[in-house]
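This report sets out selected features of a single predicted model. Please consult the sequence and the coordinates alongside the text.

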Amino acid sequence: MANQAVEEKPLRKMAEAFKELANTLNSQTLDETVQMEVAPFSHACTLVSPLFRCLGIAFKFAELDYIAKVDDLAEASKSITTLHKMMEQDIQANCVRRAGSHTRNLLRVKRGLDMVRVLFEQIIASEGNSLKDPASKAYTQVFAPYHGWAIRKAVSAGMYALPTRQQLMIKLNEDENSARTQMQNYVASCDTVVTYIDKLFISRDLGIDW
């Protein structure tokens with residue numbers, strides 16, 4: 001039963017996985033090039049997928065896109081050790097912005113992680129039972145600038161089918177206090193990881209707004 005209880009706490013698992021990633025980044029000295037391995041990164045990202053599922057139809061498009069791109073990174077991890085090397089290979093092959101490239105997929109995955117981070121920030125800051133406002137703000141801030149009218153309209157319609165705050169807590173097998181703690185842990189750790197990924201793109205003059 002104890003093992004089953006752990007399995008049913010997706011929020012805790014994703015928060016712990018990203019804390020490990022952040023600790024790995026923070027433990028590296030300033031004298032060396034900070035590296036993140038593709039395998040543990042892609043594994044941590046798979047643990048975020050259940051959160052998208054919990055949000056229902058409004059983020060179904062994001063769930064499917066996110067899962068496909070995380071799967072690509074997981075496959076890449078079998079032959080490429082670090083995100084740094086993965087991006088360098090795409091740069092050498094002149095395929096960074098090509099659909100399906102690992103670097104393009106990394107940017108999309110990073111955006112998914114960031115959307116969840118903003119969503120959690122909004123949930124923590126709000127008190128009501130509705131998730132419509134937190135989810136709308138997260139979508140508008142992170143995804144909307146890159147989506148066409150049709151997708152934005154579909155997401156807007158789907159917002160009315162979001163679970164309530166209480167229903168989300170039940171799906172995550174957390175109470176209000178434990179969920180708040182795990183969300184705060186994810187927000188802090190994810191910020192470190194996302195900042196690192198942004199720097200990988202910006203330092204190579206690839207930009208992050210595409």
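## Arg204 and its partner

At 17% relative accessibility, Arg204 counts as buried, where buried means under 20% relative accessible area, exposed over 50% and partly exposed in between (1.4 Å probe, protein chains only). The side chain of Arg204 meets that of Glu88 in a salt bridge, with 2.8 Å from N to O; a salt bridge is a side-chain nitrogen of Lys or Arg within 4 Å of a carboxyl oxygen of Asp or Glu. Glu88 lies in helix H6 (residues 83–92) and Arg204 in the segment after helix H11 (176–202), so the pair ties together parts that are 116 residues apart in sequence. Helices (H or I, at least four residues) and strands (E, at least two) are DSSP runs, numbered from the N terminus. Glu88 is partly exposed, with a relative accessible area of 27%.

## Basis of the model

The model is predicted, so local features need pLDDT of at least 70 and side-chain atom pairs count only at pLDDT 80 or more, while totals for chains, interfaces and linings use all residues. Residues are numbered from 1 along each chain as its sequence is written, and side-chain values use heavy atoms, with hydrogens and water left out.

## Annotated region

An unreviewed UniProt entry carries the annotation "domain: Glycolipid transfer protein" for residues 37–174. UniProt positions are given in the numbering used here, feature names are shortened, and annotations may be inferred rather than shown by experiment. Over residues 37–174 the chain is 68% helix and 0% strand.

Side chains of opposite charge can pair when their charged atoms come close. The salt-bridge count comes to 13. One of these joins Asp198 and Lys110, whose closest N and O atoms are 2.9 Å apart. This pair links distant parts of the chain, with Asp198 in helix H11 and Lys110 in helix H7, 88 residues apart. Both partners are buried: Asp198 has a relative accessible area of 16%, and Lys110 has one of 7%.

Arg117 is buried at 12% relative accessible area, whereas Glu121 is partly exposed at 32%. Elsewhere, salt bridges that share partners join Lys9, Arg12 and Glu174 into one network.

Helix H7 spans residues 102–125 and includes Arg117. Not counting residues up to four places away in sequence, Arg117 touches Tyr186, Val187, Cys190 and Asp191, a contact being heavy atoms within 4.5 Å.

Ser126 is placed in the loop between H7 and helix H8 (132–142). A polar atom of the Ser126 side chain lies 3.1 Å from the backbone oxygen of Ile123. Leaving aside neighbours within four places in sequence, Ser126 is in contact with Pro134, Arg165 and Arg180.

## Largest pocket

Which residues line the largest pocket? They are Phe61, Ala62, Asp65, Tyr66, Lys69, Arg108, Arg111, Gly112, Phe143, Tyr146, His147 and Trp210. Helix H5 (60–76) and H7 are the elements that give two or more residues to this lining, and H5 provides the largest share, five residues. About 200 Å³ of space lies in the largest pocket.

On a 1 Å grid over the protein atoms alone, a pocket is an open set of points where a 1.4 Å probe fits, with protein on both sides within 12 Å along at least five of seven lines; lining residues have an atom within 4 Å of a point. Grid points are joined across faces, edges and corners, and a volume is the space filled by probe spheres set on the points.

## Positive phi values and a separated pair

Asn94, in the loop between H6 and H7, has a positive phi of about 55° although it is not a glycine. Asn94 is exposed, with a relative accessible area of 66%. Asp205, in the segment after H11, is a residue other than glycine with a positive phi near 60°. Asp205 counts as exposed at 73% relative accessibility.

Thr195 belongs to helix H11 and is partly exposed at 33% relative accessibility. Thr195 and Gly158 are 37 residues apart in sequence and 30 Å apart in space, C-alpha to C-alpha.

Conventions
A polar contact is a pair of N or O atoms within 3.5 Å; within protein, one must be able to donate a hydrogen and the other to accept it, and residues adjacent in sequence count only if both atoms are side-chain atoms.
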